[in-house]
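The entries follow the order in which I checked them.

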Amino acid sequence: MTDAHTAGPFIAAIDQGTTSSRCIVFDKDGRIVSVDQKEHEQIFPKPGWVEHNATEIWNNVQEVVAGAIEKGGITAADVKAVGITNQRETTLLWDRNTGEPVHNAIVWQDTRTDALCRELGRNVGQDRFRRETGLPLASYFSGPKVRWMLDNIEGLRERAERGDILFGTMDSWVIWNLTGGVNGGRHVTDVTNASRTMLMNLHTMEWDEKIAQSMEVPMQVLPEIRSSAEVYGEVKEGVLAGVPVASALGDQQAALFGQTCFSEGEAKSTYGTGTFLLMNTGSKIINSYSGLVTTVGYKIGDEAPVYSLEGSIAVTGALVQWMRDQMGLINSAPEIETLAASVEDNGGAYFVPAFSGLFAPYWRSDARGVIAGLTRYVTKAHIARAVLEATAWQTREITDAMTKDSGVELTALKVDGGMTSNNLLMQTLSDFLDVPVVRPMVAETTCLGAAYAAGLAVGFWPDTDALRANWRRAAEWTPHMDAAKRDHEYKFWLKAVERTMGWLEHDES
């Protein structure tokens, strides 16, 4: 990756993701110097339940940090700061005295809190806390997950009320451990992660006591809320001992930052396990009436917070994995493109992967996946094409909602994430959205965003203009599709979506 004379200084970024943890070291130009990555186990105790072992994750984080530093042939002295980005909403409670998690982390995709969310909605429904938090009541967010653990783990509520238990999303867990753990570890989170718990008030940027009370989450478990770019503490041991920990951003906000979407109306879409589209709305908190969520985009030190609208799709890359692992229709993820490209169109088949319900803009946890329009003509190649189209149509539904909420027309979409290496998908995306789709040189924009924020915090980069100057375009796709055909296909897609809804009765979900 690198040769012996790689000259510093550098910034390191730790990305604690849904399927793996990695560490990337960047230079002044925002170029990758070295990378190390390690997958962790996905634990599925029951249908709809998804967990991670937080101790395994912390061990992996230490390993990939050491690995990236070693591969880069550099020392801690060369590293000016380390930034953190993380899978959001994944929820952990641990003992402040032993450092032991009290339970596996409950992952963002987990739907066990469905019934609890309905109960919390009382007579108001999904919008009960929306004005304060920008979020609909859904099993996706952290607050209800905390409540579930407090209700279901023997003796935990008493320990929490005594002040022995700490709550955190994965950024908090990693920062607490990096900065000393049981020996003075900093218990903090940043505004972007806090804005995903359903416990933070967007207007005050503080925990909302009334909501915490309604959810029966004791205030003493909550971390301190800080900006996304400031020094939280320093690394206490390991290869980065002494290096400041200087940023935290939820992965999607980190990608927005790494894509340098610093102006109102700029948007990015990250194609990973799920897909997340964020649009910068500047200093405006735009309440969504079209099924999006309102969230904090980022906050640099003492500067005013920047807000964004976000549309989340639960299943995109995960659908390709499902085709590979559960169905055995492909042997590797890249094969989906070859298979899909072997036919002209979808053969009339539409695949709506509502495996864990529908996220934006519907928020229907009663929905389940459907393949519609099947005839004997349809082959596995048509299904493969329908799989890619599912990602593009779901993106289209979100961009439509964003335009409706913000009044801002999308002019181009910056994309990143693993699926952007699929050229057929990128072309389909441009065709379905009817805008250019642009991929940057550094596809690892999540890590890059965490590095940029950490670098700003320690003066490694002077300002956001310097970061913009680093952004380089690698590829661009422009629309080639006939408008009438686009509308026709979209109509069928929306018909297929309708058929996923109401699959589960309330008592079953």
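Is F257 buried or exposed? I find F257 buried, at 1% relative accessibility; buried means under 20% relative accessible area, exposed over 50%, and partly exposed in between, with a 1.4 Å probe and protein chains only.

I note that the model is predicted, that local features need pLDDT of at least 70 and side-chain atom pairs pLDDT 80 or more, and that totals for chains, interfaces and linings use all residues. Residues are numbered from 1 along each chain as its sequence is written, and side-chain values use heavy atoms, without hydrogens and water.

Next I looked up aromatic pairs (Phe, Tyr and Trp rings, for Trp the six-membered one, with centres within 6.5 Å; planes under 30 degrees apart are stacked, over 60 edge-to-face, the rest tilted). The count comes to 22 aromatic pairs. The ring centres of F257 and Y298 are 4.9 Å apart with planes at 80°, so I log this pair as edge-to-face. Y298 is buried too, with a relative accessible area of 5%.

I then checked W393 and F432: the centres are 3.7 Å apart and the planes at 15°, so the pair is stacked. Both W393 and F432 are buried.

I also listed a cluster in which ring pairs link W108, Y140, F141, F276, F359 and W363. The charged end of R88 sits over the ring of F276, 5.3 Å from its centre (the rule wants NZ of Lys or CZ of Arg within 6 Å of the ring centre and within 35 degrees of the ring normal). R112 lies over the face of W148, 4.6 Å from the ring centre.
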